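The sequence and structure are shown first.

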Amino acid sequence: MRPIWSGAISFGLVTLPVGLYTATDSHTIHFHQLQRGTADRIRNRRVNERTGDEVELSDIVKGYDTGGEYVLVQPKELDEIAPGRSRSLEITGFVDLAEVNPIFFDKTYYLGPRGAEYGKVYSLLEQALAKAGKAGIATFVMRQHEYLVALKAENGILTLHTLHWADELRDPKKEIDNLPGRARASDKELKMAEQLIDALSMTWDPGEFHDTFQEKVAALIQAKQSGGSVEKAEAPAEPTGVVDLMEALRASVERAGSPKATSGKATASGKTKAAVKPAAKKRIRSVTKRDLSGLSKADLYKEAAAANLPGRSQMTRHDLVKALTSARR
């Protein structure tokens, strides 16, 4: 794969030539626009607003509206006002990762050395960042945009994360006009909420989560091709009112089961993975004797909670049936 940007990282008097690579990929299903009742594609054209004539891309320039007239700017002119910076990424300093609020992070990229001869410098920087638990903060220009970035070590490689500028972050108090402030909760409600969080705590494993909506879109397309049908989504839950908040918390804790046991297999984070209790195993066996497909999603969730199945809160009805069936085996 070709890098989307090539340049050099500089820290102190050390320079490391690198290539920048896209780290993520979207699996969104894309649709074409068609005219209803036909198979004719709808396409967007670049049209002169005054004449209605289509305009070639090469004849289009950028214009900034100053209120009544436009200031025209050529792409070449934007490149010329950032000389030397589009190929250099100079680290201003290093900060503790914990100091960077997650809201600042935007996109993630991989960095690779531009040649085997730079492998030692690359590895040295990666190991030093990993050991220090710090990130290098820098700015650089790519595609006529200046970016604030954080350089991190992750799983043996260097990654680059673009960051939002401070003035790009919106003030939630200005954006949300009905924030409740610090509403007072009773000691019982707070304790029950803490028990619910504890009961639903799990080991972070991103592999357990997947885009169920895209799977449903694919299933819908396949069903329409074959003349079949698909299961519709369940109606959203009713909002929890203040009056029945305590009862909702109590029922949630009971459904999730008692707080997880601390015995079991240790995970990479140092925490222990909850073991399925004998009573839960017995309940799985009794449930799976019945036809799981006949149970509602709410009932399936109860059984999954009793069985302490991880990731159950994100599962669809189909996923719950599959997971309970697997647990029986």
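The axes of helix α4 (residues 187-199) and helix α6 (residues 245-256) come within 9 Å and cross at roughly 25°. That angle makes α4 roughly parallel to α6 (under 35 degrees). Their crossing is left-handed, meaning that the near helix is turned anticlockwise from the far one by less than a right angle. The residues in this contact (heavy atoms within 4.5 Å) divide into 9 nonpolar, 2 polar and 3 charged. Among those of α4 are M192 and L196, and α6 contributes residues including L249 and V253.

This is a predicted model, in which local features need pLDDT of at least 70, side-chain atom pairs count only at pLDDT 80 or more, and totals for chains, interfaces and linings use all residues. Residues are numbered from 1 along each chain as its sequence is written, and side-chain values use heavy atoms, without hydrogens and water.

The structure holds 4 salt bridges, each a side-chain nitrogen of Lys or Arg within 4 Å of a carboxyl oxygen of Asp or Glu.

K134 in strand β7 and D96 in strand β5 are 38 residues apart, and their pair links distant parts of the chain. K152 is buried at 15% relative accessible area (under 20%), whereas R45 is exposed at 52% (over 50%).

L97 lies in the loop between β5 and β6. Beyond its neighbours within four places in sequence, L97 is in contact with G133, K134, A135 and K152.

Terms used
Axes fitted to C-alpha atoms, helices over the stretch in contact; angles between N-to-C directions. Helix = DSSP H or I, 4+ residues; strand = E, 2+ residues; numbered from the N terminus. Parallel < 35°, antiparallel > 145°, perpendicular 65-115°, else oblique. Nonpolar A, V, L, I, M, F, W, Y, C, P; charged D, E, K, R; others polar. Buried < 20%, exposed > 50% of the residue type's maximum accessible area, 1.4 Å probe, protein only.
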